[in-house]
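Please read the following report alongside the sequence and the coordinates.

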Amino acid sequence: MKPTLYLMRHGQDEDNKRHILNGHRDTHLTFLGRKQAEEAATVLKDAKITFILSSPLQRAVETATIISRILRVKVEIIGGLIERDYGVLTGIPSKDKEKYAKEIHIIHESHYFLGVEGAEEFLAVYLRARHVLQELTVTLENNKCLLVSHGDFLQMMRAAYYEKTWEEGLAFRYLKNGEVLALTQNGETSLPEGKNV
């Protein structure tokens with residue numbers, strides 16, 4: 001039986017607001033992003049989260065810190081939760097990604113780029129996600145954890161959790177900024193729509 005794992009994409013940051021591809025760029029949350037973090041904490045109040053793991057990028061750390069203050073739980077920064085490195089796409093307008101990518105896959109209106117110079121391949125991100133999940137296995141047996149991370153990484157974490165391939169991971173609906181997802185043996189639930197926190 002798989003333990004429940006909570007995932008959250010960080011709140012809106014300055015690059016998201018301006019439709020800039022951020023990858024490893026280290027930008028701060030916007031006012032909306034901070035509100036999204038506060039709303040996520042409200043949604044998670046009944047989940048009995050015992051600890052939060054965050055990507056080291058500022059937008060995730062700020063999100064996790066806001067939630068930790070409200071829920072009164074500890075945050076730990078984990079390098080493995082960092083977003084995919086976007087290579088030469090880092091810092092460019094998202095509308096220009098087709099100029100740099102060898103392949104673009106459009107799934108559920110999300111545009112995934114492959115074959116970009118200097119970009120981390122999805123397989124590498126998937127292997128990172130699997131490693132993080134393996135490290136958490138024992139801890140999750142008696143604890144409820146929230147991972148605060150990034151869109152592409154969380155796609156691969158979902159694939160790892162459900163023992164799918166990285167390619168199958170791209171078929172999951174992409175998480176919105178501030179969205180919280182509960183992963184369970186029986187499937188995933190976007191909160192607050194789900195009642196079984």
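Which residues point one way from β1, and which the other way? L5, L7 and R9 point one way from β1, Y6 and M8 point the other way, and all of them are buried, where buried stands for under 20% relative accessible area, exposed for over 50% and partly exposed for anything in between (1.4 Å probe, protein chains only).

## Basis of the description

This is a predicted model, in which local features need pLDDT of at least 70 and side-chain atom pairs count only at pLDDT 80 or more, while totals for chains, interfaces and linings use all residues. Residues are numbered from 1 along each chain as its sequence is written, and side-chain values use heavy atoms, with hydrogens and water left out.

## Overall architecture

The protein chain has six helices and eight strands, both taken as DSSP runs numbered from the N terminus, with helices being H or I of at least four residues and strands being E of at least two. Read from the N terminus, the elements follow the order β-α-α-β-α-β-β-β-α-β-α-α-β-β.

For 197 residues, a compact globule would have a radius of gyration near 16 Å, and the 16 Å of the protein chain agrees with this; the radius is taken over C-alpha atoms, and the globule rule is 2.2 Å times the number of residues to the power 0.38. Along the principal axes, the C-alpha atoms fill a box of roughly 45 × 35 × 30 Å. Buried residues account for 52% of the 197 residues. Among contacts (heavy atoms within 4.5 Å) between residues at least 6 apart in sequence, 69% join residues at least 24 apart.

## Strand β1 and its partners

Strand β1 is mostly covered, with five of its five residues buried. It pairs with β7 in the antiparallel sense over four bridges, pairing being assigned if DSSP finds at least two bridges between two strands. Within this pairing, L5 has L183 of β7 as its bridge partner, and L7 has L181. Strand β1 is also joined to β6, by four bridges and in the parallel sense, with Y6 standing opposite L146.

Four of the five residues of β7 are buried, so this strand is largely enclosed by the rest of the structure. Strand β7 pairs in turn with β8, in the antiparallel sense and over five bridges, and a hairpin of two residues joins β7 to β8. L183, already named as the partner of L5, stands opposite E188 in β8.

## L146 in strand β6

L146 is found in strand β6 and, at 0% relative accessibility, counts as buried. Leaving aside neighbours within four places in sequence, L146 is in contact with Y6, L7, M8, L44, I49, F51, I52, L53 and I67. The C-alpha atoms of L146 and M8 are separated by 7.1 Å, although the two residues are 138 residues apart along the chain.

Strand β2 (residues 51–54) and strand β3 (residues 74–77) run parallel and are joined by four bridges, with I52 opposite V75. Together with helix α3 (residues 58–71), these strands make a right-handed β-α-β unit; right-handed here says that, with the strands pointing away from the viewer, the path from the first strand over the helix to the second runs clockwise.

The 14 residues of helix α2 (residues 31–44) should span 20 Å at 1.5 Å a residue, which agrees with the 20 Å between its end C-alpha atoms; the expected span is 1.5 Å times one less than the number of residues. The buried residues of α2 are G33, Q36, A37, A40, A41 and L44. They cover an arc of only 140° around the axis, which puts them on the same side of α2, the arc being that of the directions from the helix axis to the C-beta atoms. F31 and T42, on the other side of α2, are exposed. The cover over the buried residues of α2 includes β1, α3, β6, β7 and β8.

Helix α5 (residues 151–161) is mostly covered, with 11 of its 11 residues buried. Just after α5, E163 takes a positive phi of about 55°.

## An exposed loop residue

K102 lies in the loop between β3 and β4 and is exposed, with a relative accessible area of 72%. Not counting residues up to four places away in sequence, K102 touches L114 and G115. K102 and I70 are 32 residues apart in sequence and 44 Å apart in space, C-alpha to C-alpha.
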